[in-house]
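Look at the model below and follow it one part at a time. The text begins with a question and then moves through a helix, a pocket and a sheet.

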Amino acid sequence: MLTFAEKLAIIESFPQLQRKDVSLGRVNFHFEESVYDRKVVVQHLHPNGNGFVYAGHLSPNMTDKKGMVNIREYSEKELRTVVEDSIAYLSHFDEAEEMVDEFADLEGVWIGPEKQELTLAQEDLLWNIYAGVNLEECFESPIEAERYLLEEGFRKKKS
């Protein structure tokens, strides 16, 4: 396992990231040029070696509900790769536009555990979830929208 100082040195080697010290000796790193609302790439890097990196580009079963991966046991190569991929993901809408076609089958009606219905619709570069005509949630990626629906117990209605 890399030490806190080693992880810090690796992450600080990315000039695109800005260091933000937070409580309890933890450190966050922001990517201010993100084309999404999300700016935090590294969250709560702790002196004990624990920390999280945003990995919205990975499948939902590899991340927590916020799209983060725990980097406690990461090697130098793994840490560099996940930070590079996170910055790349947050840098380009092009990738989001490509995902629109790939995830088009997610659009439509989703049924909840108590037979309630939500509609997922891709509008411009956003994925919106509606309860009737009311906007329930809004997401920047189809992965985040799908993750939300699945966590809430919804399943895609069969056509």
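Which residue with a positive phi follows H4? That residue is Gly153, and its phi is near 90°. Bear in mind that this is a predicted model.

Helix H4 covers residues 142-151. Seven of its ten residues are buried, so H4 is largely enclosed by the rest of the structure. The buried residues are Pro142, Ile143, Glu144, Ala145, Arg147, Tyr148 and Leu149. A residue is called buried here when its relative accessible area is under 20%.

H4 also takes part in the largest pocket, giving four residues to the lining, the most of any contributor. Rolling a probe the size of a water molecule over the atoms shows where empty space is left. In the largest pocket that space comes to about 190 Å³. Its lining consists of Arg38, Tyr54, Lys65, Lys66, Phe139, Glu144, Arg147, Tyr148 and Glu151. Sorted by class, six of these residues are charged and three are nonpolar, while none is polar.

Now turn to the sheet. Strands of a sheet pair through backbone hydrogen bonds, either parallel or antiparallel. In this model five strands make an open sheet, ordered S9-S8-S7-S6-S10, with antiparallel pairing. S9 (134-139) and S10 (155-156) are the edge strands; each has a single partner strand, so one side of each is left without a neighbour in the sheet.

Within the sheet, S7 (residues 117-123) and S8 (residues 126-131) run antiparallel and are joined by five bridges. Glu123 stands opposite Leu126 in S8.

Note on methods:
Residues numbered from 1 in each chain as written. Predicted model: local features only at pLDDT ≥ 70, side-chain atom pairs only at ≥ 80, totals over all residues. Heavy atoms only, no water. Pairing = 2+ DSSP bridges. Helix = DSSP H or I, 4+ residues; strand = E, 2+ residues; numbered from the N terminus. 1 Å grid on protein atoms, 1.4 Å probe; cavity = no way out; pocket = protein on both sides within 12 Å on 5 of 7 lines; lining within 4 Å. Points joined across faces, edges and corners; volume = space filled by probe spheres on them. Nonpolar A, V, L, I, M, F, W, Y, C, P; charged D, E, K, R; others polar. Buried < 20%, exposed > 50% of the residue type's maximum accessible area, 1.4 Å probe, protein only.
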